[in-house]
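Let's take a guided walk through a two-chain protein model. Keep the picture open while you read, and look up the residues as they come along.

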Amino acid sequence: MTTPVISLEHIYFRYSDQDALKDISLEVFPADYLAVIGPNGGGKTTLLKLILGLITPTKGSISVMGTSPAKGRNHIGYVPQYGNYSRSFPLRVKDVVMSGCIQGKSFFPWHSKEIHKKAEANMNLVKILPLAEKSFSELSGGQKQRTLIARALITDPEIILLDEPTASVDSEVERDVYELLKELNQTKTILLVSHDIGFVSQYVNRVMCLNVASCTHPISELKTGMNVHYEGHLQPIHHHCKL
Amino acid sequence: MTEFIHALINYRFLQYALLAGVLASISCGITGTYVVIKRITFLGGGIAHTVLGGVGLAYYLGINPYWGAFASAITAAVIIGLVTLKADQQEDTVIGALWAVGMATGIIFMHLKPGYNNDLMTYLFGNILLVSRQELVLLFWLTLLIVAVVLVFYRQFLVVCFDEEYSRIRGVPVDIIYILLLVLIALTIVVLIRIVGLILVIALLTMPAAIASLFTRTPSQMMLWSIIVGMVVTTTGTAIAYTPDLPVGATIIVLCGIFYLVAIGIKHAFNVGQRKKR
């Protein structure tokens with residue numbers, strides 16, 4: 001049996017005055033393409049932070065590549081929402097991509113030739129090489145998202161985690177981003193969170209519905225009318241998934 | 001201008017003043033770039049004004065005010081850094097409180113020290129013409145320290161300013177790097193106090209970098225141009241203020257403000273031109 005690359009067992013997480021996650025269990029396997037869908041405030045970002053080891057669960061255990069999230073995150077390429085960045089930050093696209101290699105021991109301003117080569121290869125892979133010298137802040141939403149994906153890829157991670165990769169982009173760009181992720185899924189495990197089921201269901205293998213509590217199903221079930229099942233199965237733990 | 005050049009050749013205090021301006025421009029060009037790109041101007045203002053407390057206390061105790069400025073600037077940087085990173089309180093409230101309490105403490109010590117303390121006023125409003133040889137040496141070593149630390153931690157400062165969360169995931173000690181950056185800003189403020197005074201220090205810390213940001217695409221270019229702008233305004237400002245005997249610090253800042261407005265105008269005209277071409 002294949003060993004999961006990410007495993008969450010009965011995870012609870014509580015912010016000071018409310019539950020963010022309740023009894024969440026999830027296994028992500030190599031070559032999985034999983035979307036975590038849920039409303040705003042449903043715990044999607046908390047789930048990502050737990051997997052990345054930025055916060056620790058109140059109860060339950062998490063492993064990433066068979067080890068703790070703090071160690072296992074070296075195998076993860078993380079793609080945050082591009083809207084989080086200052087619109088006037090003076091960085092070129094290639095600088096953003098190369099910054100993905102940063103480590104605790106990255107001293108002095110210059111990058112090695114090897115990092116330059118890797119950056120070039122990844123910019124080429126996500127089709128932004130002609131934009132390398134452009135300022136990151138001048139890019140469109142889709143181009144920024146591709147730049148952040150290239151940054152995540154530069155360390156050659158086994159897993160890619162994406163936070164709302166298509167938030168605030170038009171439907172054409174949304175489709176482009178999912179096509180790109182589908183290509184990357186040939187060699188990488190992908191886990192993304194989104195508040196919109198939209199296009200994502202056409203590309204992913206599995207969907208996890210998350211609204212404090214969760215339920216995971218193969219994508220085939222989504223396409224055969226899961227509404228009743230979701231409602232019936234999850235109502236006792238205040239989850240209402242109207243897919 | 002002829003009078004200024006003549007004085008520059010003959011008077012050592014004027015040569016020291018211009019050298020101090022050059023050194024200050026290097027430190028404020030480098031750390032000012034981080035202040036502008038990280039958008040922490042208010043935080044820099046908080047550190048600057050807290051310095052008066054340390055200067056006042058040092059005066060009262062009969063110690064060199066620079067030591068008081070150092071101690072209070074670094075303490076303020078660490079407190080503000082920890083509050084920003086860890087505390088639940090709203091950081092702007094805490095910075096505002098430190099700002100006011102620092103100044104109030106300085107005023108109390110000024111009051112307790114008998115007689116009108118003219119020298120202390122130069123810390124408030126600055127006077128580049130009073131820089132002594134000893135202070136110039138101190139400015140040199142401080143500037144060298146700032147340049148060396150930024151050279152070593154350049155990439156770490158940059159990624160922490162750009163994306164704190166990603167830096168943390170990649171194993172960068174974000175909290176330490178952020179506080180180190182604030183300490184460097186605090187040291188720069190101490191360097192600049194003699195030039196423009198702590199009331200105006202934030203303007204010299206941010207305006208050259210803000211001007212440079214309009215025409216550059218990388219932080220290193222921004223630092224270089226910010227240093228050049230700083231050197232031009234401190235030198236020209238000193239020259240302009242010399243003959244009519246204007247306050248030098250204030251003249252430098254007004255000149256800097258004019259440069260900033262002109263730079264915004266040029267940038268705007270350039271953008272309009274680009275749009276028309278399309």
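What follows is a short tour of the chains, their interface, the cores and a few salt bridges.

## Before you start

This is a predicted model, where local features need pLDDT of at least 70, side-chain atom pairs count only at pLDDT 80 or more, and totals for chains, interfaces and linings use all residues. Residues are numbered from 1 along each chain as its sequence is written, chains are lettered from A and ligands numbered from 1 in the order in which they are written, and side-chain values use heavy atoms, with hydrogens and water left out.

## Chain A at a glance

Chain A has nine helices and nine strands. (Both are DSSP runs numbered from the N terminus: helices are H or I with at least four residues, strands are E with at least two.) Of its 243 residues, 53% are buried. Here buried means under 20% relative accessible area, exposed means over 50%, and partly exposed is in between, using a 1.4 Å probe and protein chains only.

Now for contacts, meaning heavy atoms within 4.5 Å. Take the contacts in chain A with a separation of 6 or more: 69% of them are between residues 24 or more positions apart.

F199(A) gives you one place to look. You'll find it in the loop between β7 (189–194) and α7 (200–203) of chain A, and it is buried, with a relative accessible area of 15%. Beyond its neighbours within four places in sequence, F199(A) touches S171(A), E174(A), R175(A) and Y178(A). F199(A) and R175(A) are 24 residues apart in sequence, while their C-alpha atoms are 6.9 Å apart in space.

## Where the chains meet

On the chain B side, 25 residues are in contact with 35 residues of chain A. Together the two chains bury about 3000 Å², with 62% of that on carbon and sulfur atoms. (Buried area is the accessible area, by a 1.4 Å probe, that two parts lose on being put together, summed over both.) R155(B), F162(B) and R170(B) supply 29% of the area that chain B buries against chain A, more than any other three residues.

There are 15 residue pairs in polar contact between the chains, both residues being at pLDDT 80 or more. The largest share, ten residues, comes from α7(B).

T218(B) sits in the loop between α9 and α10 of chain B. At 4% relative accessibility, T218(B) counts as buried. Setting aside neighbours within four places in sequence, T218(B) is in contact with P90(A), R92(A) and D95(A). A polar atom of the T218(B) side chain also lies 3.2 Å from the backbone nitrogen of Q221(B).

## Inside the cores

How many residues does the largest nonpolar core have? It has 127, and I149(A), L181(A), Y34(B), V150(B), I189(B) and L204(B) have the most contacts inside it. (A nonpolar core is a set of buried Ala, Val, Leu, Ile, Met, Phe, Trp, Tyr and Cys residues joined through side-chain atoms within 4.5 Å.) Helix α9 (residues 174–213) of chain B gives the most to this core, with 27 residues. Another core, of 29 residues, lies apart from it and includes I11(A), L26(A), M208(A) and I169(B).

## Charged partners

Side chains of opposite charge can pair when their charged atoms come close. The structure holds 13 salt bridges over all chains. (A salt bridge is a side-chain nitrogen of Lys or Arg within 4 Å of a carboxyl oxygen of Asp or Glu.) One salt bridge is counted between chain B and chain A: D163(B) pairs with R151(A), their closest N and O atoms being 3.0 Å apart.

Within chain A, K94(A) forms a salt bridge with E133(A), at 2.7 Å between the closest N and O atoms. K94(A) lies in helix α3 (residues 93–98) and E133(A) in the loop between α4 (113–125) and α5 (141–153), so the pair ties together parts that are 39 residues apart in sequence. R92(A), K94(A), D95(A) and E133(A) are linked in a network of salt bridges.

Notes:
A polar contact is a pair of N or O atoms within 3.5 Å; within protein, one must be able to donate a hydrogen and the other to accept it, and residues adjacent in sequence count only if both atoms are side-chain atoms.
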